[in-house]
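My notes follow in the order I checked them.

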Amino acid sequence: MTEPLLDVRSLTVHFPVRGRGGAVLRAVDDVSFSVGAGETLGVVGESGCGKSTLARALLGLVPVTAGSIRFAGRDYARADERSLQPLRRAVRMVFQDPLASLNPRFTVRQCVREPLDVFEPGLAARERDRQAVAMLERVGLGTAFAERYPHELSGGQNQRVSIARALVAGPRLVICDEAVSALDVSIQAQILNLLADIQRDTGIALLFISHDLSVVRHVSRHLLVLYLGRTMERGVARSVFAHPRHPYTRSLIDAVPVPDPAIERARAAAPALVGELPSPLAPPSGCVFRTRCPRASQLCGITPPPLVPAGDGAFACHHPLEDVDR
Amino acid sequence: MTPEGQALVEAAAGLRGESLWRAALGRFSANRAAMAGVLLLVAITAFAFVAPLLSPHDMEANDWERIQIAPTTEQSHWFGTDANGRDLFVRVAAGARVSLAIGLITTLVSVVIGVLYGAIAGYAGGRTDQVMMRIVDVLYALPLFFAIIILVTVFGRNIFLVFLAIGAVEWLTIARIVRGQTLAAKQTEYVEAARSLGAPASRVVLRHIVPNVVGPVIVFSTLLVPTVILVESFLSFLGLGVQEPQTSWGLLISQGTASLDSAPWLLVIPAAFLAATMFAFNFIGDGLRDALDPRDES
């Protein structure tokens, strides 16, 4: 078996909390996954589960506490600024807020061109402009938009600019951090289709981060479910959706609206997920999900469940849902 | 570049969007008070440079026949003469050149230093930020006039020293404004996007942060120009600023107060120019504030 494009092992990101006597925020705790070339991994979880920190750690924007980030055969977890450059060129990101992620003083062309300015300073300015404008065409924004400013564009158009910016320097992996969450549903579909198109044409891998399972299901081949920075379940998206083993995954799936009033009414009678997300500064003992888990037992409060391999994936639960596949 | 590529870029160049700066300019030029301020300022500046050409008199020449005469068309002494028979019209123009130059150059120096210092402190954050801003606090605590008076007494009276002394103090406020704005800008996604490219800090600061934080500084600096002119006037009034035969509005006003009873025009005319300039800059500053931050319309 060939080595995957991105192979993350036991990635841990802790932030020291000031004024709390050495307390740490465990934003990402012992998370492992891999993404093959041209594949799509969906990362799901509620707000505050560490999805964005995970993305920022992959780009070297936050320091990694422990673990490894192997990309194309090299470990970047402890690389310094200079040696991070190959990773930064090969892994680009599309941010959540289409407007806020573009410099309001830049024209669209300048926004898209910037990665080339940084990675290809030797290239003639006109050539960088040409490539930026060509990439704008590729994402479905004509040259007409090149000299416009982000505030003059719609959210969907700005997200296309963001995608063009991510693609312009020829990445191998694009991280989409809630890239469609701020858009209307109809625009979401357009952007998702665009990403799928581009993936088919260029063979880039996608790391698709979202809280919206219906979006992730649409695009992902593999799935990683996070809760308070820990892995709850991972596996092939189709089988996880069909037969989740972890109660948290089950409740996330149940929270996706279904266009059938009968099912919706039945669900309303038994809400899928109750309670608030616990503070990540004081996570519950044992299994972090136990405070909201319908199947929690005494054991869950004592021992954190280990990640148990199951089929193509793994889950971390003392009381998993039955394995219907086997 | 391929011909098609060339055509693409050229086609794109024809379709310009409206930048935030251009939009602000549009709002500014729609503001009557601000445009009146601009016109007034242009008129005063034009006067400063054109007046010597219109008048037959030299600013240092004494007309012993006509000492301290009131404004008159006789001998082209339109603003009258001072106690030494020098023509006030050309002296006010000479004072305008000095006062405006001190105001503008000093402000420019303050803005450049303050913006860079504040942006670097804010962007670096942590201990660097702490140390840099404590230095600002310490300098802030020094009384401005005290510092200037010490400088002037130690190094002698020199117009450049006046520039330097005022500039050395006024950049502190700008550094504070910019540092605060930078702390906010640093959290934005577009700065994070630039950082994720591994762009050098200089690029992030100069291309992404500074253009997005200078709005309040531009407003502040238009209000700083009259402040600086006033400070210079005050120093000259105390006899610490510009020296004879050079002159400035402050010096003219100072000399005018001496003969307030016998020759009020020696005070009133330069004071009117100074006041008009203050108004002009304040109107422009107000206009810029409204233009650069349209959310703040009240």
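This is a predicted model: local features need pLDDT of at least 70, side-chain atom pairs count only at pLDDT 80 or more; totals for chains, interfaces and linings use all residues.

Entry 1, a strand pair. I looked up β9 (residues 222-227) and β10 (residues 230-236) of chain A and found six bridges joining them. The two strands run antiparallel. Within this region I checked Tyr227(A), which stands opposite Arg230(A) in β10(A).

Entry 2, the whole sheet. I then traced the sheet of chain A and read the order β6-β7-β8-β3-β9-β10-β12-β11. These eight strands make an open sheet with mixed pairing. Which strands stand at the edges? I found β6 (91-94) and β11 (308-310) of chain A there; each has a single partner strand, so one side of each lacks a neighbour in the sheet. From one strand to the next I noted an average twist of 20°.

I looked for what lies across β3 (40-44), β9 and β10 of chain A and found helix α9 (residues 247-254) of chain A. The helix runs at about 105° to β9(A).

I recorded 33 residues from chain A and 27 residues from chain B. On the side of chain A that touches chain B, α2 (85-90), α3 (108-119) and α4 (125-138) of chain A each supply at least two residues. I noted that α4(A) gives the most to that side, with six residues. By type, I sorted the residues of the chain A side into 15 nonpolar, five polar and 13 charged.

Technical notes
Residues are numbered from 1 along each chain as its sequence is written. Chains are lettered from A and ligands numbered from 1 in the order in which they are written. Two residues are in contact if their C-beta atoms, placed from the backbone, lie within 7 Å. Helices (H or I, at least four residues) and strands (E, at least two) are DSSP runs, numbered from the N terminus. Ala, Val, Leu, Ile, Met, Phe, Trp, Tyr, Cys and Pro count as nonpolar, Asp, Glu, Lys and Arg as charged, and the others, Gly among them, as polar. Two strands pair if DSSP finds at least two bridges between them. Axes are lines fitted to C-alpha atoms, for helices over the stretch in contact, and angles run from 0 to 180 degrees between N-to-C directions.
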